[in-house]
Amino acid sequence: MMKLSQMNAGDKAVVIRIDANDELKQRFFSLGLHKGSELQIKATSIAKSTMEIEVGTTLLALRFEEAKSIEVQKA
């Protein structure tokens, strides 16, 4: 298992665990990002400060710090 922040553009994964405060967890959940969600990394910024991920038909932009709180299993 690894953190979402360790993944690169093109990688696919399944969310195993989200280790964040309730407010952030709720925001992720409302965007379709929760345990069991399948996702794909679409792009990362040059400094890897942000990531664009696709969950279902939704594109999300996450800060690197937020991505560190999401544990994934590479698919």
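Let's start with Lys 74, which counts as partly exposed at 46% relative accessibility. Keep in mind that this is a predicted model. Lys 74 also takes part in a salt bridge, with Asp 11 as its partner, and the structure holds eight salt bridges.

**Salt bridges**

- The side chains of Lys 74 and Asp 11 meet at 3.7 Å, N to O. Lys 74 sits in strand E6 (residues 70-74) and Asp 11 in the loop between E1 and E2, so this pair ties together parts that are 63 residues apart in sequence.
- Asp 11 counts as buried, at 15% relative accessibility, while Lys 74 is partly exposed.
- Arg 17 and Asp 19 form another salt bridge, at 3.6 Å from N to O. Arg 17 is partly exposed at 43% relative accessibility, and Asp 19 is partly exposed too, at 49%.
- Glu 65 pairs with Lys 68 in a salt bridge of 3.2 Å, N to O. Glu 65 is exposed, with a relative accessible area of 56%, whereas Lys 68 is partly exposed at 36%.
- There's also a network: salt bridges with shared partners join Lys 3, Arg 17, Asp 19 and Glu 71.

**A buried serine in a loop**

- Ser 5 lies in the loop between strand E1 (2-3) and strand E2 (12-18).
- Ser 5 counts as buried, because its relative accessibility is 7% and buried means under 20%.
- Leaving aside residues up to four places away in sequence, Ser 5 touches Lys 48, Met 51, Phe 64, Ala 67 and Lys 68.

- E4 pairs with strand E3 (residues 38-44) in the antiparallel sense, over five bridges. Here Leu 39 stands opposite Val 55 in E4.
- E3 and E4 form a hairpin with five residues between them, and Lys 48 in the turn has a positive phi of about 55 degrees.
- The bridge partner of Thr 50 in E5 is Arg 63.
- The hairpin of E4 and E5 has two residues between the strands, and Gly 56 takes a positive phi near 65 degrees there.

Methods. Residues are numbered from 1 along each chain as its sequence is written. This is a predicted model: local features need pLDDT of at least 70, side-chain atom pairs count only at pLDDT 80 or more; totals for chains, interfaces and linings use all residues. Side-chain values use heavy atoms; hydrogens and water are left out. Helices (H or I, at least four residues) and strands (E, at least two) are DSSP runs, numbered from the N terminus. Buried means under 20% relative accessible area, exposed over 50%, partly exposed in between (1.4 Å probe, protein chains only). Contact means heavy atoms within 4.5 Å. A salt bridge is a side-chain nitrogen of Lys or Arg within 4 Å of a carboxyl oxygen of Asp or Glu. Two strands pair if DSSP finds at least two bridges between them.
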